[in-house]
Amino acid sequence: AEALPVDDGCADVVICNGVLNLMPDKVAALEEMSRVLKPGGRLQIGDILVQKAVPESAKRKIELWTG
């Protein structure tokens, strides 16, 4: 995801589903997504990013994880 094998500006849409949180260099990954998007293209990210462990009490509250 930090070096996509496609040309600049070739994508109408980039979908990132559960990958960004796994990337060591998130800035590089986002820059790469931007590089491949056409002008006016769309970026859809479905991910959960946290800086500290989620407490067990929060894990059990389904309303916190659904929209």
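Helices (H or I, at least four residues) and strands (E, at least two) are taken as DSSP runs and numbered from the N terminus. The structure is a predicted model, in which local features need pLDDT of at least 70 and side-chain atom pairs count only at pLDDT 80 or more, while totals for chains, interfaces and linings use all residues. Residues are numbered from 1 along each chain as its sequence is written, and side-chain values use heavy atoms, with hydrogens and water left out.

The protein contains two helices and two strands, which follow one another along the sequence in the pattern β-α-β-α. Its C-alpha trace spans about 45 × 25 × 15 Å along the principal axes. The radius of gyration, taken over C-alpha atoms, is 15 Å, whereas a compact globule of 67 residues would have a value near 11 Å by the rule of 2.2 Å times the number of residues to the power 0.38. Among contacts (heavy atoms within 4.5 Å) between residues at least 6 apart in sequence, 67% join residues at least 24 apart.

The accessible surface, computed by the Shrake-Rupley method with a 1.4 Å probe and, for residues, with only the protein chains shown as cover, comes to about 5,300 Å², of which 55% belongs to carbon and sulfur atoms. Of the 67 residues, 18% count as buried, where buried means under 20% relative accessible area, exposed over 50%, and partly exposed in between. I48, in the loop between β2 (37-46) and α2 (56-59), counts as partly exposed because its relative accessibility is 48%.

Notes
Buried means under 20% relative accessible area, exposed over 50%, partly exposed in between (1.4 Å probe, protein chains only).
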